[in-house]
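Please keep the viewer open as you read.

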Amino acid sequence: MQQGGGSQFNEWTVDWRPEQAAVAAVCEPGNRNDIPVGPELVNEYKERGVVRVPGAAEEWVGPLRAGLERILKTPNAYAFPCESTVAGEPGRFFDCYCNWHRVPEFLDFLSNSPAASLAGRLMGSNSAQLFHEHVFAKEPGTAKATPWHQDMPYYCVDGPLTASVYVALDDTPPDVAVQFVTGSHRWEKLFYPRVFAGGEDFNTDDASMEPVPDIEADRGSFEIVSWPLKAGDVLVFDYRTLHGTTAGKLKQRRRAFSARFLGDGAHYLQRPGELSPPLTDIGLSTGDDLPEKWFPVAWTR
Ligand SMILES: O=C(O)CCC(=O)C(=O)O
């Protein structure tokens, strides 16, 4: 997700486009594990816009942490790194996306884990197309909220069926874990994207959107859910589900890997303003399918 402003963003130094061998690996059904997804969970996803699947990615925690660690050490060798702690603030809040093809552990996860099938089944879709992956790290001492936001308004896509498969890479108490406003994906509202560093709205010229409600000022009016997370627990959520964190100070690291999938009916959408990923140079127009040569179909029913 481009968090706006662009100043900390190495937009053009590293290419986000995957090589075809990586695309082929994600499309290969090979070793992909499937995990049972019953009708109750599918219904919960549809109603609440977020579900937890405890332990679903336990065996992937070590490899995903290793891949993320290399990004944290040399962020400029990767596409779209973003530092959201500003001068004088304690800790570090970092995120980065569109690097799955150059981090072998991420490629392995997307090729061989149940992530794509979990996304496809929960969306009730016949396919799950990989949009991108996104990693997050907050270091101990960080006391910075992830602003309440939906993911869809940042993105250059639209579609009725969406799923982020968010793997917790550290045990995290619920007060500092990501929290969700359940059912907000069904409000038929889109809210302005917000800069993670300062929380301010951007792309406010987009008439289809409005400001995010002040959830912290009135938490009792919203159905907010968060879970105590164990490393390897998975949260799956719709791109329209409002989510964010408190500014509670972190006692330990809090890392996560989020794989973004699109279901049937998804297409490119040129929203006004700055979009994420910024695919303005690949000749797509609103309504176009996302090319499978860059966005592999990772699962079909
Ligand atoms: O982990 C976080 O603080 C934010 C995660 C998030 O916003 C996402 O995965 O969309």
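Leu-262 sits in strand 13; helices (H or I, at least four residues) and strands (E, at least two) are DSSP runs, numbered from the N terminus. Leu-262 counts as buried because it has 28 C-beta neighbours inside 10 Å. The term buried means that 20 or more other C-beta atoms lie within 10 Å of a residue's own, while exposed means 12 or fewer and partly exposed in between, with C-beta atoms placed from the backbone. Leaving aside residues up to four places away in sequence, Leu-262 touches Gln-129, Phe-131, Val-157, Gly-159 and Thr-162; contact here means C-beta atoms, placed from the backbone, within 7 Å. Leu-161 is 101 residues away from Leu-262 along the chain, yet their C-alpha atoms are separated by 6.2 Å.

This is a predicted model, in which local features need pLDDT of at least 70, side-chain atom pairs count only at pLDDT 80 or more, and totals for chains, interfaces and linings use all residues. Residue numbers run from 1 along each chain as its sequence is written. The average pLDDT (the predictor's confidence in each residue, from 0 to 100) is 93 for the chain, and 94% of the residues score at least 70. Residues 1-9 have a pLDDT below 50, and this stretch has 26 contacts in the model beyond near neighbours in sequence. Where pLDDT is low, predicted coordinates should not be read in detail.

Now for the whole chain. There are five helices and 15 strands. With a radius of gyration of 18 Å, close to the 19 Å from the globule rule for 301 residues, the chain is as compact as a globular protein of that length; the radius is taken over C-alpha atoms, and the rule is 2.2 Å times the number of residues to the power 0.38. Of the 301 residues, 48% are buried. Among contacts with a separation of 6 or more, 86% link residues 24 or more positions apart.

Which residues of helix 5 are buried? They are Ala-115, Ala-116, Ser-117, Leu-118, Ala-119, Gly-120, Arg-121, Leu-122 and Met-123. Nine of the nine residues in this helix (115-123) are buried, so helix 5 is largely enclosed by the rest of the structure. Gly-124 follows helix 5 and has a positive phi, near 70°.

Next come the strand pairings, where two strands pair if DSSP finds at least two bridges between them.

| Strands | Bridges and sense |
|---|---|
| Strand 1 (residues 50-53) and strand 11 | four bridges, antiparallel |
| Strand 6 and strand 11 | four bridges, antiparallel |
| Strand 7 (residues 179-181) and strand 10 | two bridges, antiparallel |

In strand 11, Leu-235 is the bridge partner of Arg-52, and Phe-237 stands opposite Ser-164. Val-234 and Val-236 point one way from strand 11 (residues 234-237), Leu-235 and Phe-237 point the other way, and all are buried. An open sheet of three strands has the order 10-7-12 with antiparallel pairing. Val-181 stands opposite Ile-224 in strand 10.

Finally, the ligand. The residues around the ligand include His-134, Asp-151, Ser-164, His-243 and Ser-258, where being near means a C-beta atom, placed from the backbone, within 6 Å. Strand 4 (127-138), strand 6 (162-168) and strand 13 (254-262) each supply at least two residues of this shell.

Notes
Contact = placed C-beta atoms within 7 Å.
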